[in-house]
Amino acid sequence: MTAHLEPFADELLTSWIARRAHGQRVRPEPNPRIARKRNGKWRTTDVLPEPEWLESWARQYKVPIEALNAVTIAHRFPTVPIDFLSWNTDPFQSVRESYRPRPRIEFGWCSKCLAQDYASASPAYFRQDWALATRGFCEKHDWPLVDYCGLCGSSQWTFFASTRGPLRLMCQDCWRPLERASPLNVTVAKIQHSWKHVIAFGRELQWAAEGKMPDQFRFNNTSAKQLLAEVRDICQLLFSEPNWLQGGHAEINRFDCPDLNPWHKPYHCIVNRIPHPLATARPVLRRALLAALAAILDPRNEVTQELFGHDRGPAINTFIVAADKRKLDAYLAMPGRWSPSFCQRIATSRARQRQDDMIMRGKDRVVRRLEKRIRAYQAIAAYSA
Ligand SMILES: [Zn+2]
Ligand SMILES: [Zn+2]
């Protein structure tokens, strides 16, 4: 049995099933098995498959069941909460909502990894890392993940085996190999310095999701649990009530960073009230969210400036202005939910803003008084003339 017939150590189970179904010339299941248990929890192929599904795949494709068990996300990332995985739709459903589409793991891909597969004559496959909600970039190549063909924009892919060369992933619409369908003609050297903050933050967040301590130099007295809570709550606040005065657009648009998506039109999100924005975001929106989170949670102002421009003030100020005050206060009032250092930074920023407001109001008052006096002088002058 060669390694190619068994899953690769970092391969998604759905990727392996699609690969093997292609090898045996059987039609792959369009939506590999998903079931909901009586307790409301979902069982999906990639995360936690039913033992009998594993048995049937092991029998069908003649591989040991242990090899399949080893590549489930529940086995490789046992502590990662399900809202820190990447889904096509909200992974939490109540019984009342059972008519909504069933959630399945959604993933983008790194064209450089696929190119490397092809160059080393190894079959193309989808990595588990690409299904983590903390990843906007490939960790190996520091390269943006994409979930569409750079040539035609289609998100439909298929495996293809030529007589020469290994199994490849192809765009189903324009039939271009996905390792070549990345929009590469961008001078990335100039913009990669802003990518590094998003990559570093995604890595920290992944550690926290795996229960490891986040970097205390950066997040100062923050536990992994607190960092995850801060990320969940900030995402909620950036996608809360539509602000109709601003055209109903989500607050995330205040954190626009064109460098994160140089080959795309500027991103503008008009969707509001998404239950788990980071879990259901496609790679483009995920990078925008991770950039906003990195800038808000990192006390160093250079992170904000390198991501959003050197004329920008601290991202935490933008966040406080954008966020719903009542909801923000409710989070702050929950004891121990957020780290003391983050709560302190919010309090300092609010105090500074109050001070600025007071100065502005004082300036306005002086200007109004001067204008009144000028008008009075003008009236006297007009009268005496
Ligand atoms: Zn890669
Ligand atoms: Zn295409």
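Because the model is predicted, local features need pLDDT of at least 70 and side-chain atom pairs count only at pLDDT 80 or more, whereas totals for chains, interfaces and linings use all residues. Residues are numbered from 1 along each chain as its sequence is written, and chains are lettered from A and ligands numbered from 1 in the order in which they are written.

The largest nonpolar core holds 86 residues. A nonpolar core is here a set of buried Ala, Val, Leu, Ile, Met, Phe, Trp, Tyr and Cys residues joined through C-beta atoms within 7 Å; a residue is buried if 20 or more other C-beta atoms lie within 10 Å of its own, exposed if 12 or fewer, and partly exposed in between, with C-beta atoms placed from the backbone. The members that touch the most others are Leu 85, Ala 288, Leu 289, Ala 291, Ala 292, Leu 293 and Ala 295. Helices are DSSP runs (H or I, at least four residues) numbered from the N terminus. Since domain 1 (13–180) and domain 2 (194–343) both give residues to the core, it lies between them; the domain bounds come from an automatic or database domain assignment.

Beyond its neighbours within four places in sequence, Leu 289 is in contact (C-beta atoms, placed from the backbone, within 7 Å) with Cys 235, Ile 252, Pro 277, Leu 278 and Ala 281.

The axes of α8 (residues 224–238) and α10 come within 11 Å and cross at roughly 115°. Axes are lines fitted to C-alpha atoms, for helices over the stretch in contact, and angles run from 0 to 180 degrees between N-to-C directions. The two helices are therefore roughly perpendicular (65 to 115 degrees). On the α8 side the contact involves Glu 230, Val 231, Ile 234, Cys 235 and Leu 238, and on the α10 side Leu 289, Ala 292, Leu 293, Ile 296 and Leu 297.

Helix α10 also packs against α11 (residues 301–308), at an angle of about 150° with the axes 7 Å apart, which makes the pair roughly antiparallel (over 145 degrees). Ala 291, Ala 294 and Ala 295 of α10 meet Val 303, Thr 304, Leu 307 and Phe 308 of α11.

How values were computed:
Two residues are in contact if their C-beta atoms, placed from the backbone, lie within 7 Å. Angles under 35 degrees count as roughly parallel, over 145 as roughly antiparallel, 65 to 115 as roughly perpendicular and the rest as oblique.
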